[in-house]
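Work through the exercises below with the model open. Try each task before reading its solution.

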Amino acid sequence: MEDTTTVRVRFAPSPTGYLHIGGARTALFNWLFARQNKGIFILRIEDTDVERSTKEAIDAIIDSLKWLGLDWNEGPYFQSKRFDLYREHAQRLFDEGKAYRCWCTPEELEEKRKKALKEGRKPKYDGTCRSRTGPAPQGPYALRFKAPQSGVTQVEDLIRGNITFDNSELDDLIILRADGTPTYNFCVVVDDVNMRITHVIRGDDHLNNTPRQTLLYQAFGYPLPRFAHVPLILGQDKARLSKRHGATSVTAYRDMGFLPEALVNYLVRLGWAHGDQEVFTIQDLIDKFDLTKVGKSSGVFNPEKLLWLDGLYIRQKNSEDLFSLVAPFLEQLGYHAEKSEGFLTLLRLVAERSRTLEEMARMAGFYFQEEIPYGPEAAKIFAGVNTQAYLREITERLAALATFTQKEIAEVFQGFVSEKGIKLGEVAQPVRFAVTGRTVSPGLYEILEILGKDKVIKRLKKAIM
């Protein structure tokens, strides 16, 4: 391996589905490590499983990485276009006596597996063809790597420390199938060598692959990269994160209205910490991220913590940016979003109460409605003994205002409740629902001023039965 002074890392997803947030965190750790060391971040698409790999999945992975801001220096490379390279390396191992032909059929291998399990043995390949003598059988054959049958393989892991594997537990893995297609572990090693990868940072679900890959490196005579296996992300029940815990894809969180910087901030803190600091800019992360400080324990995904962070990032946006971000969600709700000083002011108020862009759109959409659709709550809110009388009178007083500002509006309400000897909520809540269709909103006086006198009076009159 050449040029080991420059850090070179890779993110290598299989395009058989969306980009899982666990995969996104792995990509993020690789990206941060590369940026911190002024190195190279490579995107490699491991699409050798032709039947399960799809263009839609590839596009989703690339779109997710771009949305998160994880730009790559090289790639994307596609394993499906590199088969000649893998076959060349497989032939090299065979020519050097480090691989052998295996004629065992899938049916025979299944029988061997069942027999081993029945006898209480590990169901690994029994080496039938490794020691085969005599004329070669007819028919297709696979190539198997001739792994050492004794001794140990040691893996130095930057997160987990030194790990020892007994070679007797490993079998002679297939490197080239009978149909000529290469296998995962073999492709990974050939690619990592060919791309001069210096550090392999990946999920610890790959840890069992590492001794096999290490033996392949040694068989080729290539220096080993440094390994770092990142613990998995768990749900709050401590089971591996899955759909039953809620959304698990990056695109799902984007579509729910989360900001990419919030998701990045949250993911990096799942298993890594820098003192008590919770909120990081990208530059903070590049400066402070330390791969060796990634914990050995799995991170537990907490949706409420992510929502808190997202709300924090939303409140840091200026009104213009908020409008650009919220507009697509308003369009999805059927509102034609038009920028105005009043609506930008409303967004600023709504941002204080929202945790996602979707929440913001739902809370602010009333601004664009011609008529407020009242739900089942309306009958209860408008049917109080005195509610209709209060609505009628407060509408008249608001309509009489020469200027429609928070100050004048507040004076109308305060004078009304003082005169009637009632609580503010008895009139404010019906008015709020009448003009917004919601029982919760930013400050009522601010909302009324933003909507303007004409809209407010029109909506109040509709609520008067």
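**Exercise 1. A strand and its partners**

Which residue in β8 is the bridge partner of L143?

Solution. The model is a predicted one.
- Step 1. Look across from L143 to β8: the bridge partner is L176.
- Step 2. Check the pairing around that bridge. Strand β8 covers residues 174-176, and two bridges join β5 to β8. The two strands run antiparallel.
- Step 3. Turn to strand β4, residues 99-102. Four bridges join β4 to β5, again in an antiparallel arrangement. Here Y100 stands opposite R144 of β5.
- Step 4. Sort the side chains of β5, residues 142-145. A142 and R144 point one way, while L143 and F145 point the other way. In a regular strand, side chains alternate between the two faces of the sheet.
- Step 5. A142, L143, R144 and F145 are all buried.

**Exercise 2. Placing H336**

Is H336 buried or exposed? Locate the residue and list its contacts.

Solution. 
- Step 1. Find H336 in the loop between α11 (319-332) and α12 (341-351).
- Step 2. Read its relative accessibility, which is 54%. The cut-off for exposed is over 50%, so H336 counts as exposed.
- Step 3. Leave out residues up to four places away in sequence. H336 then touches E331 and F368.
- Step 4. Compare chain and space. H336 and Q369 are 33 residues apart along the chain, and their C-alpha atoms are separated by 9.4 Å.

**Exercise 3. Two pockets**

Which element gives the largest share of the lining of the largest pocket?

Solution. 
- Step 1. Start with volume. The largest pocket has about 710 Å³.
- Step 2. Go to its centre. Of the 29 lining residues, H20, G22, G23, D205 and H206 are the closest to the centre.
- Step 3. Assign the lining to elements. β1 (8-11), α1 (21-36) and β9 (199-203) each give two or more residues. The largest share, five residues, comes from α1.
- Step 4. Sort this lining by class: 13 nonpolar, 10 polar and six charged residues.
- Step 5. Move to the second largest pocket, which holds about 350 Å³ of space. Its lining has 13 residues, and T48, D49, V50, R52 and R177 are the closest to its centre.
- Step 6. Sort the lining of the second largest pocket: two nonpolar, five polar and six charged residues.

Key
Residues are numbered from 1 along each chain as its sequence is written. This is a predicted model: local features need pLDDT of at least 70, side-chain atom pairs count only at pLDDT 80 or more; totals for chains, interfaces and linings use all residues. Side-chain values use heavy atoms; hydrogens and water are left out. Buried means under 20% relative accessible area, exposed over 50%, partly exposed in between (1.4 Å probe, protein chains only). Contact means heavy atoms within 4.5 Å. On a 1 Å grid over the protein atoms alone, a cavity is a set of points where a 1.4 Å probe fits but cannot get out, and a pocket is an open set with protein on both sides within 12 Å along at least five of seven lines; lining residues have an atom within 4 Å of a point. Grid points are joined across faces, edges and corners, and a volume is the space filled by probe spheres set on the points. Ala, Val, Leu, Ile, Met, Phe, Trp, Tyr, Cys and Pro count as nonpolar, Asp, Glu, Lys and Arg as charged, and the others, Gly among them, as polar. Two strands pair if DSSP finds at least two bridges between them.
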